[in-house]
Amino acid sequence: MNLRELLPFLGQLPEPLQDIALNLVMVAIAALLILLLRWLLTAILLRPLRVLARRSQSQLDDLLLDEIVSPLRVAVAGFALIFTVNLFNFGAEIQQIAETFGRTLVIGAVFYAIIKVFGVVSLRPAAFQQITGMTIPERLLPFLNTVVRYLIIALGAIFVLQELNFDVAALIASLGVVGIGISLASQDTVGNIFGFAAIVSDDPFKVGDYIKAPAVTGIVERVGLRSTRVRQLDQALVTVPNNLLTNAIVLNWSRMEKRRLSFTLTFTYGTTSGQLREVVSEIRALLRDTEEIDPESVIAHFVDFSASSLDVLVVCQALQADWRKFTALKESIYLEIMEIVERLGIEFAFPSQSLYIESTPASREVDDGPTQAERRPSVGGALEEGS
């Protein structure tokens, strides 16, 4: 299109000003045309989509439509720019720059739309399992969503740089060298981040669990991207790097389904065999009739003749993982066992020793009893008189 023929007033200007005025008019017309095309294309594309979204009962399409409005306007601006520079004769150099910039806008708008759409749909456990057949932990979603978002941004940056005629391969190679140095300097941080992913995916513990590890013992209060916070029993808050927990043996007391109850009862040697049989039988029946005790795990037997007692071993599994409820159950069982022992007239033994003397020293008369020199000890430990 030759604007000199459409604008006769240009010929009345001095020769140097004619080219300047012509370029200004072309730029103004191009800007107005870009705005007009952007408005028309956006209205043409968005109006039917909005109508379809209103007819749908789902809110997802409305959210997606709201998110793609901005990327769509950027893409339309890029198309309008390419169309305008091809409509007017701006010169080869300006046309090439404008077309490159327009294509860059279109590519950037595409990846911008992908990021916006991903922000709406993102990774969800149900959708991810339906597509891949794999289960993803809920707590891992923010981490994975962030990683995917940055991958999309990196891929979009590569396409834009290629469009701008950058040597992407050389740039990636140089970034790889820099990345090696950064990774060496931040290997602990990277290890902690992957440790967070391992903790969330393997799920060895969660917030509120009571754990025991070589580094710390206490209740987990927070699992962060870099570290895990554990509250010890003395109420001190310990921050442990995630990589230490992922590489350590962690004992999770909160995941117990049962607790082992084991103790030994000691009775005096004055207990008869009948009493011992009866007390063992009643203890066994007591445990099997207790609702919170696994009846298949009950063991109660007379197991040993100790130095000062007759020992009865009692072992069972309590169906109570909570520590406070478990201790209350122990108290109840112990008191009932004491009632059984008291009712049967049996006594509990305690560590003791009995001293047996074979003989005692003979009575010494005041006047003519043996002197100290005339005494000598006997084999049994008693003193006998000398001849």
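Helices (H or I, at least four residues) and strands (E, at least two) are DSSP runs, numbered from the N terminus. The legends below use these element names for a predicted model.

Figure 1. Ile249 is exposed, its relative accessible area being 74%. When its neighbours within four places in sequence are left aside, Ile249 is in contact with Lys212, Ala213 and Pro214. Between Ile249 and Lys212 there are 8.5 Å from C-alpha to C-alpha, although the two are 37 residues apart in sequence.

**Figure 2. Packing of helix H10 against helix H11.** Two packed helices are described by the angle between their axes and the distance between the axes. For H10 (residues 273-289) and H11 (residues 323-343), the angle is about 150 degrees and the axes are 10 Å apart. Angles over 145 degrees count as roughly antiparallel, and H10 and H11 are therefore roughly antiparallel to each other. The crossing of H10 past H11 is right-handed.

**Figure 3. Residues in the contact of H10 with H11.** On the H10 side, the contact is made by Val279, Glu282, Ile283, Leu286 and Leu287. H11 contributes Ile333, Glu336, Ile337, Ile340, Val341 and Arg343. Sorted by class, the contact has eight nonpolar and three charged residues, with no polar residues.

**Figure 4. The aromatic pair of Phe263 and Tyr334.** A pair of aromatic rings is described by the distance of the centres and the angle of the planes. The structure holds five aromatic pairs, one of which is formed by Phe263 and Tyr334. Their ring centres are 5.0 Å apart and their planes are at 80 degrees, an edge-to-face arrangement. Phe263 belongs to strand S6 (residues 259-267) and Tyr334 to helix H11, so the pair ties together parts that are 71 residues apart in sequence. Phe263 counts as buried because its relative accessibility is 12%, under the 20% limit. Tyr334, with a relative accessible area of 31%, is partly exposed.

**Figure 5. The aromatic pair of Trp323 and Phe326.** The rings of Trp323 and Phe326 form a tilted pair, 6.1 Å centre to centre with 40 degrees between the planes. Both residues lie in helix H11, three residues apart, so about one helical turn separates them. Trp323 is exposed at a relative accessible area of 52%, whereas Phe326 is buried at 5%.

Key
Residues are numbered from 1 along each chain as its sequence is written. This is a predicted model: local features need pLDDT of at least 70, side-chain atom pairs count only at pLDDT 80 or more; totals for chains, interfaces and linings use all residues. Side-chain values use heavy atoms; hydrogens and water are left out. Axes are lines fitted to C-alpha atoms, for helices over the stretch in contact, and angles run from 0 to 180 degrees between N-to-C directions. Angles under 35 degrees count as roughly parallel, over 145 as roughly antiparallel, 65 to 115 as roughly perpendicular and the rest as oblique. A crossing is left-handed if the near helix is turned anticlockwise from the far one by less than a right angle, and right-handed if clockwise. Contact means heavy atoms within 4.5 Å. Ala, Val, Leu, Ile, Met, Phe, Trp, Tyr, Cys and Pro count as nonpolar, Asp, Glu, Lys and Arg as charged, and the others, Gly among them, as polar. Rings of Phe, Tyr and Trp (its six-membered ring) pair if their centres lie within 6.5 Å; planes under 30 degrees apart count as stacked, over 60 as edge-to-face and the rest as tilted. Buried means under 20% relative accessible area, exposed over 50%, partly exposed in between (1.4 Å probe, protein chains only).
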